[in-house]
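I opened a new notebook page for this structure. Here is what I looked up, entry by entry.

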Amino acid sequence: MSGSSTITGFILLGFPCPREGQILLFVLFSAVYLLTLMGNGSIICAVLWDQRLHTPMYILLANFSFLEIWYVTSTVPNMLANFLSDNKLISFSGCFLQFYFFFSLGSTECFFLAIMAFDRYLAICWPLHYPTLMTGCLCANLIISCWVLGFLWFLIPIIIISQMSFCGSGIIDHFLCDPGPLLALTCKKAPVMELVFSTLCPIPLIILFLFIMGSYALVIKAVLKVPSAAGRRKAFSTCGSHLTVVSLFYGSVVVMYGSPASEHGARMQMTVTLFYSVVTPLLNPIILGTKI
């Protein structure tokens, strides 16, 4: 492949194994995908159909479940097709569309986790003022901001990378179009773009993670002042599930993008990416569904 103008596609190696193993993986991930759609879809339906759940906390939860459906859809259908494919090709445009949507949806998830923490902070630390502070208008503006910021964050770098020339075999040792393997295939080394991505990835993670931890530090401080043990348990129970989701997502993402890429082998990268992009969307409805 001599350049981006002549490329017809990349080869996603995914999980190389015998044909029987590919079929087994297809069945396994098909089941995981369907369960993820059903779990997150059930939360959306519950919030839509029950008038009592038309509150900011549950509206944010329904939007988060909607996001999870699209997040897992950005990778799993193509992965399933590759399990049954002999050539495992993905088109040039398809690769960069997946690249864009996967990272944009991941960034959007970071923003949603932050505003969900902010909502719990207002509800627990300012309970009497909560209805006037977290209005329907503010909730809608926060939701729109999450989607817009998430989809703008990586737009320009991805457009720039898509205009670069690619050489070599075009083989990506991954199940999705990840920036590391893609940049390794460029005809000329692009240290500036590598620096941009190594900077852009941690910035929202670090800032939003600090915001989440700061919000919950204030929540814990407020809860410890509650005189009754029952009141403290109720307050902690409303935050525990969200903190679990934050830990699962941020724990795996920080391992992946919070340290130099050279420290991770290809198998390690795929395992960690698989966890936060496929496993956590499956587990989140189970964890967060306890609130409904």
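I count a contact when heavy atoms lie within 4.5 Å. I am working with a predicted model, where local features need pLDDT of at least 70, side-chain atom pairs count only at pLDDT 80 or more, and totals for chains, interfaces and linings use all residues. Residues are numbered from 1 along each chain as its sequence is written, and side-chain values use heavy atoms, with hydrogens and water left out.

I looked up Phe99, skipping its neighbours within four places in sequence. Phe99 is in contact with Ile158, Ile161, Cys177, Pro179, Leu182 and Phe197. Next I took the largest nonpolar core. Such a core is a set of buried Ala, Val, Leu, Ile, Met, Phe, Trp, Tyr and Cys residues joined through side-chain atoms within 4.5 Å. Buried means under 20% relative accessible area, with a 1.4 Å probe and protein chains only. The largest core holds 87 residues, and Phe10, Phe96, Phe99, Ile161, Phe166, Leu182 and Tyr250 touch the most other members. Helix 4 (residues 92–125) gives the largest share of this core, 20 residues. Helices here are DSSP runs of H or I with at least four residues, strands are runs of E with at least two, and both are numbered from the N terminus.

I found 3 strands in an open sheet, in the order 2-1-3, with mixed pairing. Strand 2 and strand 3 are at the edges with a single partner strand each, so one side of each has no neighbour in the sheet. Two strands pair if DSSP finds at least two bridges between them. Strand 1 and strand 3 run parallel over 2 bridges. Leu12 has Ile172 in strand 3 as its bridge partner.

Entry: Phe175.
Where does Phe175 lie? I found Phe175 in the loop between strand 3 (171–172) and helix 8 (179–184). Phe175 counts as buried because its relative accessibility is 1%. Leaving aside neighbours within four places in sequence, its contacts include Leu12, Met79 and Met270.

Notes. Buried means under 20% relative accessible area, exposed over 50%, partly exposed in between (1.4 Å probe, protein chains only).
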